Amino acid sequence: MKIFYKTEATATGGRSGHTELNDGSLGFDLVTPQETGKQGVNPEQLFALGYAACFDSALNMTAQQMKLDISHSKTSVAVGIGMQSSGSYNLDLDISVEVSGISEADAQNLIEKAHQVCPYSNATRGNVDVRLHVTVV
């Protein structure tokens with residue numbers, strides 16, 4: 001695989017520690033979801049941010065390739081974490097896309113094709129439950 005871009009982040013202290021990009025441009029104090037009231041974010045929130053941005057980009061690129069003129073798109077990714085029956089932890093994802101300017105059938109086809117090209121989707125395919133939702137406005 002030809003690598004187009006690579007970045008690196010380092011975390012200390014696990015889920016209650018700190019994570020930052022190695023170039024120093026962005027960093028976060030981390031908290032577990034149970035630590036209500038404490039300032040910080042959790043890894044699932046960071047994953048949701050990245051996945052939503054990446055999927056929306058894949059969606060728009062795919063729309064251009066399909067020659068679909070979408071006038072608006074918005075992608076939200078809900079990330080859950082839970083324990084499997086085996087005792088290991090895994091993620092659970094809902095990807096919700098809102099588009100305008102195309103039919104319901106085209107929107108459904110678009111989201112499914114975007115799911116095939118998005119790097120986050122390819123990284124999670126086959127080992128994370130993912131549900132796709134699309135709304136035409």
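Predicted model: local features only at pLDDT ≥ 70, side-chain atom pairs only at ≥ 80, totals over all residues.
Where the domains meet, domain 1 contributes seven residues to the contact and domain 2 contributes five residues.

**Thr 32**

Next, select Thr 32, which lies in the loop between β3 (27-29) and α1. Is this residue buried or exposed? Thr 32 is buried, because its relative accessible area is 17%, and the limit for a buried residue is under 20%. Display Arg 15 and Ser 16 as well: Thr 32 touches both of them, when residues up to four places away in sequence are not counted.

**The aromatic rings of helix α1**

Move on to helix α1, which covers residues 43-65, and show the side chains of Tyr 51 and Phe 55. These two residues form an aromatic pair with a centre-to-centre distance of 6.5 Å and an angle of 50° between the planes, an arrangement classed as tilted. Why are they separated by about one helical turn? The reason is that Tyr 51 and Phe 55 stand four residues apart in helix α1. Both Tyr 51 and Phe 55 are buried.

Together with Tyr 51 and Phe 55, they make up a cluster linked by ring pairs. Over the whole structure, a search finds four aromatic pairs.

**Lys 67**

Follow the chain into the loop between α1 and β4, where Lys 67 is found. The backbone deserves attention here: Lys 67 has a positive phi of about 60°, although it is not a glycine. Its relative accessible area is 76%, so Lys 67 counts as exposed, the limit for that class being over 50%.

**The nonpolar surface patch**

For the last stop, select strand β4, residues 72-83, and locate Ile 81 within it. With 43% relative accessibility, Ile 81 is partly exposed, since this class lies between the limits for buried and exposed residues, under 20% and over 50%. Which kind of patch do Ile 81, Met 83 and Tyr 89 form on the surface? The patch is nonpolar, and the three residues together have about 360 Å² of accessible area.

Definitions and conventions: Residues numbered from 1 in each chain as written. Heavy atoms only, no water. Patch = residues over 30% accessible without salt bridge, like charges linked within 9 Å, V, L, I, M, F, W, Y side chains within 5 Å. Areas by Shrake-Rupley, 256 points an atom, 1.4 Å probe, with all protein chains shown as cover. Salt bridge = Lys/Arg side-chain N within 4 Å of Asp/Glu carboxyl O. Helix = DSSP H or I, 4+ residues; strand = E, 2+ residues; numbered from the N terminus. Buried < 20%, exposed > 50% of the residue type's maximum accessible area, 1.4 Å probe, protein only. Phe/Tyr/Trp six-rings, centres within 6.5 Å; stacked < 30°, edge-to-face > 60°. Contact = heavy atoms within 4.5 Å.
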